[in-house]
Amino acid sequence: MSLNRYEQSLFDYWERQPDERRHWQMKTVESAKRAAAPGEVARGLERELWDYFRERTAQVPALRAVAPSDGQRVSMLNLAEFMLRLWGPPPKPKRPSARPAEE
C-alpha cells in the first residue's frame, strides 16, 4: 500500500510517539467493532485523521514541514485503510464452497 507524504509523515510520527500510536490503535479497533461496512469505517477514520493532522501540525515541526501551505484538504484514506489492515480485526475466513461429494 502506498501512502502519500502527509500520511507517511503522520505514520512516522507515531513511530516516535508510542502513546499517540496506541491511541490510534485503540481508536481503530473500536471503530472496526462499531460499523458494519469496512469502507464506512475507513471513511470515518479518514475524517478523524485529517482533523488530527491539522491539529498536530501546529505542534509538530515534522508535520508542519509537509502540511499543505494553502490549507487544502488532503486525503488520509490510504492511511485509514492501512490502519484497519494493521490493527483491525482479522478478516473472516471464507466459507468453503459446498460441492457434492464425488464417488
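Which backbone oxygen lies 2.7 Å from a polar atom of the side chain of threonine 28? The backbone oxygen of tryptophan 24 is found at that distance from the threonine 28 side chain, a polar contact being a pair of N or O atoms within 3.5 Å, where within protein one atom must be able to donate a hydrogen and the other to accept it, and where residues adjacent in sequence count only if both atoms are side-chain atoms. The structure is a predicted model, in which local features need pLDDT of at least 70 and side-chain atom pairs count only at pLDDT 80 or more, whereas totals for chains, interfaces and linings use all residues. Residues are numbered from 1 along each chain as its sequence is written, and side-chain values use heavy atoms, with hydrogens and water left out.

Threonine 28 is found in helix α2; helices (H or I, at least four residues) and strands (E, at least two) are DSSP runs numbered from the N terminus. With a relative accessible area of 0%, threonine 28 is buried, where buried means under 20% relative accessible area, exposed over 50%, and partly exposed in between (1.4 Å probe, protein chains only). When neighbours within four places in sequence are left aside, threonine 28 is in contact with Leu45, Met83, Leu84, Trp87 and Gly88, contact being defined as heavy atoms within 4.5 Å. Leaving aside neighbours within four places in sequence, the contacts of threonine 57 are Leu63, Arg64 and Ala67.

Side chains of opposite charge can pair when their charged atoms come close. Seven salt bridges are found in a search of the whole structure, a salt bridge being a side-chain nitrogen of Lys or Arg within 4 Å of a carboxyl oxygen of Asp or Glu. One of them joins glutamate 48 to lysine 27, with the closest N and O atoms 2.8 Å apart. This pair links distant parts of the chain, since glutamate 48 belongs to helix α3 (residues 38–57) and lysine 27 to helix α2 (residues 18–34), 21 residues apart. Glutamate 48 is partly exposed at a relative accessible area of 31%, and lysine 27 also counts as partly exposed, at 23% relative accessibility.

Another salt bridge is formed by lysine 33 and glutamate 30, whose closest N and O atoms are 3.9 Å apart. Both residues lie in helix α2, three residues apart, about one turn of the helix. Lysine 33 is exposed, with a relative accessible area of 61%, whereas glutamate 30 is partly exposed at 38%. Glutamate 55 and arginine 56 likewise meet in a salt bridge through their side chains (3.8 Å, N to O). Of these two residues, glutamate 55 is partly exposed with a relative accessible area of 41%, while arginine 56 is buried at 16%.

The aromatic residues were examined next. The structure holds nine aromatic pairs; rings of Phe, Tyr and Trp (its six-membered ring) pair if their centres lie within 6.5 Å, and planes under 30 degrees apart count as stacked, over 60 as edge-to-face and the rest as tilted. Phenylalanine 11 and phenylalanine 82 form an edge-to-face pair, 5.4 Å centre to centre with 65° between the planes. The pair links distant parts of the chain, with phenylalanine 11 in helix α1 (residues 5–16) and phenylalanine 82 in helix α5 (residues 77–87), 71 residues apart. Phenylalanine 11 counts as buried at 13% relative accessibility, and phenylalanine 82 as partly exposed at 23%. The pair of tryptophan 14 and tyrosine 52 is tilted, 6.3 Å centre to centre and with 40° between the planes. Because tryptophan 14 lies in helix α1 and tyrosine 52 in helix α3, this pair ties together parts that are 38 residues apart in sequence. Tryptophan 14 and tyrosine 52 are both buried. One aromatic cluster is formed by Phe11, Trp14, Trp24, Tyr52, Phe82 and Trp87.

Valine 74 is placed in the loop between α4 (61–66) and α5 and is buried, with a relative accessible area of 12%. Apart from neighbours within four places in sequence, valine 74 is in contact with Asn4, Tyr6, Glu46, Trp50 and Pro68. The C-alpha atoms of valine 74 and glutamate 7 are separated by 9.1 Å, the two residues being 67 residues apart along the chain.
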